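The following questions and answers concern the structure shown below.

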Amino acid sequence: MNSSETVYTLVRYWMKGRFTRATAAWMVIGESFAVGLVLLVGGTFLSFSSRFNIGSGLSYVGLSLLFAFFLVGLVQSGFNGSGLPVSTADVDYVFTSPVSTSDIFIAKVSMNSFTTVLLSFPPILTLYLRFGASYGTSPLAALAAGLATLAFFVLALFFSADITLSLNSRLGARVRLVRNATLVAIAGISLLPLTLLIPEAPPQLAQAAGVLPSGLAARVSYSLVSGAAWGSGDYIDILLLAAWFLALFAVGLRLSRRNFLEVLQINDPDSEGDTLKDTKVRSSLKTEGRSLGAVVRAKERVIMTRTKEMRSLFVNALFLSGFMVIYSLSGVFQSSPTSFLFLLFIIGSFGSGNASRWLEKERLWLIKTSAIDLKRYVSEVYRARVTPLLLVLAPVAAAVGAPLLLEETSTPGSGLEIGLSLPESLEVAALMMAGGMYFAARYGQSSVDDTLATQGQDLADVKRFVYQTLINLGLVAPLMGFVLGAGPLLGLIGGSHVLLLAGVIGVAGLAYTTLVLRFILRIAGESLERREDL
Amino acid sequence: MQALKGVSLSVGSGEIVGLLGPNGAGKSTLMKIVVGILRPTSGSVSISGKDVAREPDAAKRVVGYLPENPSLYTGLTVREFLSFVGKIRGVEDEPLRSRISEALKTFSLEEKSSALLGTLSKGMKQKVALIAATLHEPAVLVLDEPLTALDPRTQAFVNGWISSQREKGTTVLLSTHNLDIAQDHATQIAIMDRGSIIALGSLESLRKKAGTGSDSRLDEVFLKLTTPGTEE
């Protein structure tokens with residue numbers, strides 16, 4: 001077989017295993033849901049932008065930051081060794097066959113690119129068409145912008161694969177240092193558009209991100225969608241984007257010639273013993289004299305600490321707080337209900353992501369064959385996991401809230417809404433985390449890294465995603481209603497009752513959260529009792 | 001699809017029942033039903049008079065289980081894991097501490113007590129899982145392929161350990177493809193095929209059923225009974 005036949009055969013058989021009829025059906029439902037969500041979010045965003053006369057600049061910033069986060073996420077994934085997902089079957093059958101490793105690399109990235117394009121294109125095109133309609137540009141421009149964005153997504157996948165391939169290559173210490181410094185610089189520079197949100201920060205800082213794929217793709221896509229006049233700079237951007245695309249692919253191809261098989265050892269669970277040999281750990285799980293609940297919580301904390309989970313929680317919170325503080329200081333955070341929604345969602349969604357790292361997975365046999373109440377077990381695990389989440393998010397909420405509250409002391413209605421939105425954002429996070437655990441208990445678990453690694457391998461997860469998003473939104477809607485209703489209610493009963501109203505709404509929110517949490521954790525435990533896929 | 005049909009098996013106290021059968025015969029499914037992981041669509045399982053579906057906690061207290069591929073918390077040390085398992089299996093602090101120390105010594109894992117489970121070899125993990133299965137001193141042990149993928153030394157160790165369980169009077173339901181182990185230990189042998197028990201009894205009674213000689217080996221009996229068209 002020649003090279004192209006090999007690649008075709010590999011992709012064809014990998015695809016066969018992934019696309020069952022049920023998966024395809026759920027993919028269509030998931031895509032429809034994503035398109036609906038994009039229309040809603042895009043519409044809200046446009047209305048928010050026009051209402052506060054923020055102008056088109058924010059759209060560019062939003063797009064470039066979105067792309068930057070995507071890029072940084074894939075860089076992190078590449079460093080975790082999951083930039084080039086391989087299965088045990090690949091190792092056993094594909095790599096032991098007389099097939100060139102470069103062909104395997106091409107087949108792998110082709111397939112990841114295909115699923116990414118397939119899943120991303122409908123919502124992206126919808127988003128650009130919605131924006132294009134607002135700017136009065138043609139659908140063709142939206143289509144071209146969508147293609148530029150997809151090219152960026154695909155090259156980001158190449159980038160992630162390259163990083164994984166470079167992990168075990170025989171790079172000298174100096175080259176490794178240069179590589180790591182470059183990646184840190186790329187991550188840092190890609191996030192520079194954040195500075196556009198800081199009043200009086202030099203705009204040249206944000207322009208520096210324009211040399212990176214995220215900045216280039218954002219600029220090209222935004223120019224097309226907004227109908228800005230095209231100049232030679234735009235053509236240069238397209239050429240630079242194409243250059244990044246080809247360069248990252250070429251680097252991957254080069255790295256795949258020698259180091260592909262060795263990289264697999266990094267992800268091979270059986271080789272874990274080699275890297276951690278002779279590791280002695282001081283015991284930190286004390287069980288004597290403690291209740292069963294305390295032991296379960298302690299076990300969960302120990303595992304979170306010894307894995308990268310706690311570290312990633314802090315790093316993500318650091319990013320989140322930086323973004324939120326800059327955003328709140330930027331002045332665009334006016335006393336608007338939309339802004340509170342934004343605040344609540346951003347902080348609250350943190351909980352949902354965190355829950356997805358609850359990975360009992362196949363270890364459930366141990367719990368299910370013990371004489372313990374699974375509903376209680378789930379509650380104890382939740383307590384152990386929600387505590388660090390709230391401890392990390394509380395300072396974020398405080399950092400965002402302090403400047404906002406100081407600005408709004410003269411207007412009790414706005415102050416009340418802001419004041420309520422901050423503790424309730426933590427309640428939203430707690431609810432979303434419980435919702436995430438319920439879905440993890442019911443449908444199984446996959447970590448964020450797994451999701452990135454498989455790139456659609458578990459397309460059945462779409463089902464879980466749809467349910468989870470809808471139900472989580474439904475669960476937190478009353479809390480948002482409390483915040484949005486507080487200002488108008490104060491207008492009705494008079495500004496002098498602000499503290500009383502804050503107390504009543506605060507207590508009502510807490511009571512609602514407590515009741516819903518108890519319910520979700522109970523049904524999560526019941527779902528675990530019914531799980532038989534062990 | 002029906003994984004099991006018409007399965008009826010009674011195991012007396014202190015007996016060791018070898019559960020044999022080709023791949024996909026339903027051995028693991030039966031074991032998962034016995035330990036309460038799966039629920040049967042019909043029928044029931046009682047252990048020491050406790051119905052597994054109706055009194056799961058009472059039944060689980062007297063059963064120890066070793067799955068075919070035991071997955072452990074790789075982020076915990078050996079001692080932490082065993083302490084955690086003992087706790088969720090309801091063992092009091094003092095006996096738990098002494099049982100863990102004793103078991104680590106018996107299984108030659110004392111030096112590894114502070115090692116993370118993720119750093120251990122397959123054989124060592126299997127030993128840890130065996131300790132975990134017996135920490136609450138169950139009257140019944142359900143062992144699903146306890147020798148799979150173990151090196152000869154560890155296989156010999158586990159083999160000896162199963163003998164010690166027989167001497168202690170523990171009832172054992174042992175699923176295995178290793179017919180020598182079954183022949184050595186089992187007081188009764190159950191042969192499963194396509195979701196049913198097709199033969200049950202002592203080795204002698206199975207030899208008669210298969211029509212093989214009185215000194216025939218278990219593998220001959222097994223092949224005779226499970227090869228389509230050769231049953232008596």
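Q: How far apart do the C-alpha centres of domain 1 of chain B and domain 2 of chain B lie?
A: This is a predicted model. The domain assignment of chain B places 1-62 + 138-232 in domain 1 and 71-137 in domain 2. The distance between the C-alpha centres of these two domains is 25 Å.

Q: Which helix gives the most to the side of domain 1 of chain B that touches domain 2 of chain B?
A: The contact involves 9 residues of domain 1 of chain B and 9 residues of domain 2 of chain B. On the domain 1 side, the classes are 6 nonpolar, 1 polar and 2 charged residues. The greatest contribution there, 3 residues, comes from residues 152-168 of chain B, helix α6.

Q: Why is one side of each of two strands in the open sheet of chain B left without a neighbour?
A: The open sheet has 6 strands with mixed pairing, in the order β4-β5-β6-β1-β7-β8 (chain B). From one strand to the next, the twist averages 15 degrees. One side lacks a neighbour because each of the strands at the edges, β4 (63-66) and β8 (196-201) of chain B, has a single partner strand.

Q: At about what angle does helix α9 of chain B run to β7(B)?
A: Helix α9 comprises residues 218-226 of chain B. It lies across β1 (16-20), β7 (188-193) and β8 of chain B, and its angle to β7(B) is about 35 degrees.

Notes
Residues are numbered from 1 along each chain as its sequence is written. Chains are lettered from A and ligands numbered from 1 in the order in which they are written. This is a predicted model: local features need pLDDT of at least 70, side-chain atom pairs count only at pLDDT 80 or more; totals for chains, interfaces and linings use all residues. Domain bounds come from an automatic or database domain assignment. Two residues are in contact if their C-beta atoms, placed from the backbone, lie within 7 Å. Helices (H or I, at least four residues) and strands (E, at least two) are DSSP runs, numbered from the N terminus. Ala, Val, Leu, Ile, Met, Phe, Trp, Tyr, Cys and Pro count as nonpolar, Asp, Glu, Lys and Arg as charged, and the others, Gly among them, as polar. Two strands pair if DSSP finds at least two bridges between them. Axes are lines fitted to C-alpha atoms, for helices over the stretch in contact, and angles run from 0 to 180 degrees between N-to-C directions.
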